[in-house]
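Q: Please guide me through reading selected features of a structure, giving the general idea and then the case at hand.

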Amino acid sequence: MILSCHHIDKSFGTTQILKDVCFHIEERQKMALIGINGAGKSTLLKIITGEYAPDNGEVVLAKGKTLGYLAQHQDLQADNSIYDELMTAKADVLELERQLRDLEGKMRHAKGDELEQLLNTYTRINQSFEQNNGYAVRSEVTGILKGLGFAENDFSQSITTLSGGQKTRVALGKLLLLKPDVLLLDEPTNHLDMNSIAWLETYLLNYNGAVILVSHDRYFLDKVVTKVVEIENGQCMSFEGNYTAFSAKKAIIRDAELKAYLNQQREIAHQEAVITKLKSFNREKSIKRAESREKMLDKIEVLDKPTEVDAAMQLHLEPDIVSGNDVLHVEGLTKSYPGQQLFENISFDIFRGERVALIGKNGTGKTTILKILNRIVEADSGSFSLGSKVHIGYYDQEHNVLHPEKTIFQEISDAYPTLNNTRIRNVLAAFLFKNDDVFKLISSLSGGERGRVSLAKLMLSEANFLILDEPTNHLDIISKEILESALKSYTGTVLYVSHDRYFINQTATRILDLTNQKLTNYIGNYDYYLEKRDELTSIYAPEKTTDNPIEDTASSSRLSWQQQKELQAAKRKKENALKKLEEEIEQLENRDGELDELMALPENAVNVAKCVEMSKEKDAIAARLETLYEQWEALSEEE
């Protein structure tokens, strides 16, 4: 055991955040700390680091072990470049390197005993330098920077010019280079694109230390953690396994707790009814029996009602107007900015009822495409058109649809005057605004809170084509699941940009991957995309080369999006046909084997009629198998 928390309590004012929190983590174990927003996850991390003192309890770190902490928000003030800032994490190794270079200079002019003494010192320092991976330190820094999404031409960029998200990535890189025995990471994937998140997953899986993660990225948690600690109503419960295993176990426990609570409530109600009836008899014996039952009730430890996902908080979206089948047609869209080509000559169609995820690395132009479709940004060339009766509802990350002077409740009620107070409060509750929170001014909200208001407002709109830019940012897991359920039952059409792979896997019916300035189409969810990504990217969106004009010309005239779609559909049809053939072949071969065994039985060997019947069946099987073998062979040879 490398770290343990014993009976941690923490309150702020009259609000108790943590109550008797106990858990531990073993060396090299990867653990998730989960709970709704405001549950106390970040507070607990700060107690572990010593930034906050617990009201009661203690944190025990194994002797000689080190902690490293990544907070959600970083404010690096250094004047260094990105590369030099990460190199500060290796200051001890760089000092050893400086000493080695200094000794090498002195040894050139030394002789005799002085040279021997210098050689001994050099050997000792060089051994320490090698043990600290000194010769690979620069490639290690470069590898981490690239893994976290920085290109080589970003390395020289000054820290002072970076956004908050970029500074968080730099801080994460420094922390990984320091290699503490226990890594505490608070929302480490918030500012990473999909490739960087996948890189971080692999890095953490191979990390030699223990890791405690706070994250709402369920796909990330499924890949990395083997233990989940949930904070709910200030208390914690530990589960072995990843997030999916936790979710299944939690559902079973919640169901059992709810049944126990309801059973106890029924028993209490029954006893109270009996007591009332006994007292109504107004007889001494009856009153004594009633009093005895009252004493028994007083001794019962009443169970708390388990927290349930309120059915009223489920969002049910249904467009008032049904659009035509053709929702969006995009033809030859191109966009660039000075010194940066985002995408060129991209074409695609979206049809009614589809839920299309637009994915790709940061900076490739995904949000720009959404802005072009909403006429906020002009394309350099190309065109797009909406189908019959299509009404767009747009969720943007800047939240320009909100009015700073209004309260949250006014923002919704003014936009939808026909909604009653209960419906408005239920929708806002689904997006984490409860009780007096609904009377906060929009101007006082954080960026994440404004995002949730914008999303709630959009969910109530009459739009039949939702265009969403990172809709799950700043949502906790419960809210994400509510949104997923709403979108899956939605009969309108959805196009969205997201880095949330679990969300994509749950909701997308199709994926468009913007890579190498081209779009590649995947008819399936995120798991299907991962399976086919390398193969289809090399065909439809190969990297451009500047030294091979023939290749460039060929790539620019690659198959159109419609052809991509048709080819993929044909390929899946072929795979399904092969699968059906193989299943029928297997069934017939098994039956043929069964007939052989039956014909060998003594009672059947003397039954001529039975033998003839089985022989005819074997002949029919042989003929059918011959046909199936030929069909399988022909189909498997098709390109």
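This is a predicted model: local features need pLDDT of at least 70, side-chain atom pairs count only at pLDDT 80 or more; totals for chains, interfaces and linings use all residues.

Q: Is Lys 389 buried or exposed, and what is its phi?
A: Buried means under 20% relative accessible area, exposed means over 50%, and partly exposed lies in between, with a 1.4 Å probe and protein chains only. Lys 389 has 54% relative accessibility and therefore counts as exposed. Its phi is positive, about 60°, although Lys 389 is not a glycine.

Q: Which loop holds Asn 233, and what is the phi of Asn 233?
A: Asn 233 sits in the loop between strand E8 (227-232) and strand E9 (235-240). Its phi is near 55°, a positive value in a residue other than glycine. Asn 233 counts as exposed, at 54% relative accessibility.

Q: Is Val 438 buried or exposed, and which residues does Val 438 touch?
A: A contact means heavy atoms within 4.5 Å. Val 438 belongs to the loop between helix H13 (421-430) and helix H14 (447-459), and its relative accessible area is 0%, so Val 438 is buried. Leaving aside residues up to four places away in sequence, Val 438 touches Thr 407, Ile 408, Phe 409, Arg 425, Leu 428 and Phe 433.

Q: At what angle do H3 and H4 pack?
A: Axes are lines fitted to C-alpha atoms, for helices over the stretch in contact, and angles between N-to-C directions run from 0 to 180 degrees. Angles under 35 degrees count as roughly parallel, over 145 as roughly antiparallel, 65 to 115 as roughly perpendicular and the rest as oblique. Helix H3 (residues 91-107) packs against helix H4 (residues 112-131) at about 155°, with the axes 10 Å apart. H3 is therefore roughly antiparallel to H4.

Q: What is the handedness of the crossing of H3 and H4, and how do the residues of their contact divide?
A: A crossing is left-handed if the near helix is turned anticlockwise from the far one by less than a right angle, and right-handed if clockwise. The crossing of H3 and H4 is left-handed. Nonpolar covers Ala, Val, Leu, Ile, Met, Phe, Trp, Tyr, Cys and Pro, charged covers Asp, Glu, Lys and Arg, and polar covers the others, Gly among them. The contact of H3 with H4 has 11 nonpolar, 4 polar and 4 charged residues.

Q: How do the axes of H5 and H6 cross?
A: The axes of helix H5 (residues 137-147) and helix H6 (residues 164-178) come within 10 Å and cross at roughly 140°. H5 is therefore oblique to H6, and their crossing is right-handed. Glu 140, Val 141 and Ile 144 of H5 make the contact with Gly 173, Leu 176 and Leu 177 of H6.

Q: Which residues touch the most other members of the largest nonpolar core?
A: A nonpolar core is a set of buried Ala, Val, Leu, Ile, Met, Phe, Trp, Tyr and Cys residues joined through side-chain atoms within 4.5 Å. The largest has 48 residues, of which Leu 466, Ile 504 and Ile 511 touch the most other members. A second, separate core of 42 residues includes Leu 162, Leu 176, Leu 221 and Val 228.

Conventions:
Residues are numbered from 1 along each chain as its sequence is written. Side-chain values use heavy atoms; hydrogens and water are left out. Helices (H or I, at least four residues) and strands (E, at least two) are DSSP runs, numbered from the N terminus.
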